[in-house]
Amino acid sequence: MDTIFTRGPSLNIRLALALAMSVLLIVLDYKLDTFSTTRVFLNSLVSPVQYLANLPGQLLNASAQRLTSQQALIEENQQLTNRILLLNEKLQRFTVLEQENAKLRRLLDAPVRQNMRKMVAELMAVDNTPYSQQIVINKGAIDGVFLGQSVLDERGIVGQVMEVGSINSRVLLISDVTHSIPVRSVRNNSRFIASGGGAIDELYLSHVPHSADIREGDVLVSSGLGKVFPEGYPVAEVTRVVRDESRPFAQVNIEPLAKLNRLKFLLLLWPQDAPESPPVDGEVSSD
Amino acid sequence: MIKVRHYTIALTLLVAMVFQIIPVPAQVDLYRPDWVLIVLSYWVMALPHRANVGVAFTSGLALDILLGTAMGVHSFALSVAIYVLAANYQRLRNYSVWQQAIIIGVVSALYHSLLFWLMRLLMDVNFRFEDLWPVLTSMALWPWIFWMLRKVRRQLRIT
């Protein structure tokens, strides 16, 4: 048989070439960020593989749906009806409060908060490199998704869109090591920055002075200061505060309110000044 | 049949990539073996003139796009790991499957530490020992992949 060394460049040269190319790509992509436009194309190119990988899960789901008993369905229906009733009751109060709030804000000459357009997206893939926490959702550029868009679940903020493909896009979770989000405490409005630590169920508040008024159980909402996330959406709850005077800052661990490890349906938000807008038919009522 | 023969290596790699990104619960995800690395290892040892560093580089790039890491990170680590195997393929072929499994474990550990160091250079990640579980699961998976791919190779007479 013929050996590798009879044809083409030698193995060492191949390795040197591959490594040089890799380093060049890393520098180009990470340090200089030249790939942001090409990535859209590349992501669309590999999306069939992602759909393929998603198929077994979808099949299982579909068969599970077909096999649920009538009893279970009736029970679930009952539960959902009850929940709708409870939520509707809350909503009734909420509309009154909203009107009142708008009136008060107008009296104070403060800008009235505007409603945002929303769209429901579904989780497609979870990214499993231990060093990055990302998910892929099934909405992309054709649905009007834009870079930096906020993504929520029913409990709180999940993350922001970091790459947009034509039919799907990649979301960076708030728990990623490279992600930080400006927050404020609901109790006393003090502002903090919540950074991810790489664990899915824990974030940290960075640079908190020992004298800061923060305790366990405080709920943190987005402060809207970074101009990425809209203001007032719940982010996390404080789980532990350690004030060790030998360290420069207090150590504050917080737990994200969104269940980042069991996401299924997500909500995409379009603020008023969004660079793109969703097509009308796919839109959830903007009210 | 002729057509399938030409694309077998690419097809097995594609299947490996699907397994690499298939969504599983977070508890199981920790133990996910390095499918792409194992399948590539087999082809490098069996047919080093068909698959070596170049193929490793390309599949690494595909992994980078699929996993959303910076371009070049996986291709770097995969190229080095596959180079080690390609440079010693004649010796490795003579080992028993179990000895090969240990070698795969070592190569997988090399692959993961390279990934870690590249990530460490790019962003502030911390080393966790849990991240090395794939080394053990890859070792356990190797014999099965080896027997299966050998069967495929012999049946389709891929050279």
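**Reading the barrel of chain A**

Colleague: Which strands form the closed barrel in chain A, and in what order do they run?

Modeller: Six strands close the barrel, in the order 6-7-8-11-10-9, with antiparallel pairing. Neighbouring strands in this sheet are turned by 40 degrees against each other on average, direction ignored. The axes are lines fitted to C-alpha atoms, for helices over the stretch in contact; angles run from 0 to 180 degrees between N-to-C directions.

Colleague: What should I know about the model and its numbering?

Modeller: This is a predicted model: local features need pLDDT of at least 70, side-chain atom pairs count only at pLDDT 80 or more, and totals for chains, interfaces and linings use all residues. Residues are numbered from 1 along each chain as its sequence is written, while chains are lettered from A and ligands numbered from 1 in the order in which they are written.

Colleague: How many helices and strands does chain A have?

Modeller: Strands (E, at least two residues) and helices (H or I, at least four) are DSSP runs, numbered from the N terminus. Chain A comes to three helices and 12 strands.

Colleague: How many bridges join strand 6 to strand 7?

Modeller: Two strands pair if DSSP finds at least two bridges between them. Strand 6 (residues 180–185) runs antiparallel to strand 7 (residues 191–196), joined by five bridges. One bridge partner set is A:Val183 with A:Phe192 of strand 7. The hairpin has five residues between the strands, and A:Asn189 takes a positive phi near 60 degrees there. Strand 6 also pairs with strand 9 (residues 219–222), in the antiparallel sense, over three bridges. Here A:Arg184 has A:Val221 as its bridge partner.

Colleague: Which side chains of strand 6 are buried?

Modeller: In a regular strand the side chains alternate between the two faces of the sheet. Strand 6 does this: A:Ile181, A:Val183 and A:Ser185 point to one face and are buried. Buried means 20 or more other C-beta atoms within 10 Å of the residue's own; exposed means 12 or fewer, partly exposed in between, with C-beta atoms placed from the backbone.

Colleague: Why does A:Val235 count as buried?

Modeller: A:Val235 counts as buried because 26 C-beta neighbours lie inside 10 Å. A:Val235 sits in strand 10. Strand 10 (residues 234–242) pairs with strand 11 (residues 250–256) in the antiparallel sense over six bridges. In that pair, A:Pro256 of strand 11 is the bridge partner of A:Ala236. Contact means C-beta atoms, placed from the backbone, within 7 Å. Leaving aside neighbours within four places in sequence, A:Val235 is in contact with residues including A:Ile181, A:Val183, A:Val221 and A:Pro256.

Colleague: Which helix of chain A gives the most to the side that touches chain B?

Modeller: First the counts: the contact takes 42 residues from chain A and 39 residues from chain B. Helix 1 of chain A gives the most to its side, with 12 residues. By class, that side has 23 nonpolar, 13 polar and six charged residues. Nonpolar covers Ala, Val, Leu, Ile, Met, Phe, Trp, Tyr, Cys and Pro; charged covers Asp, Glu, Lys and Arg; the others, Gly among them, are polar.

Colleague: What are the domains of chain A, and how far apart are their centres?

Modeller: Bounds come from an automatic or database domain assignment. Chain A has domain 1 (10–67) and domain 2 (115–280). Their C-alpha centres lie 24 Å apart. The contact takes eight residues from domain 1 and 10 residues from domain 2.

Definitions and conventions
Two residues are in contact if their C-beta atoms, placed from the backbone, lie within 7 Å.
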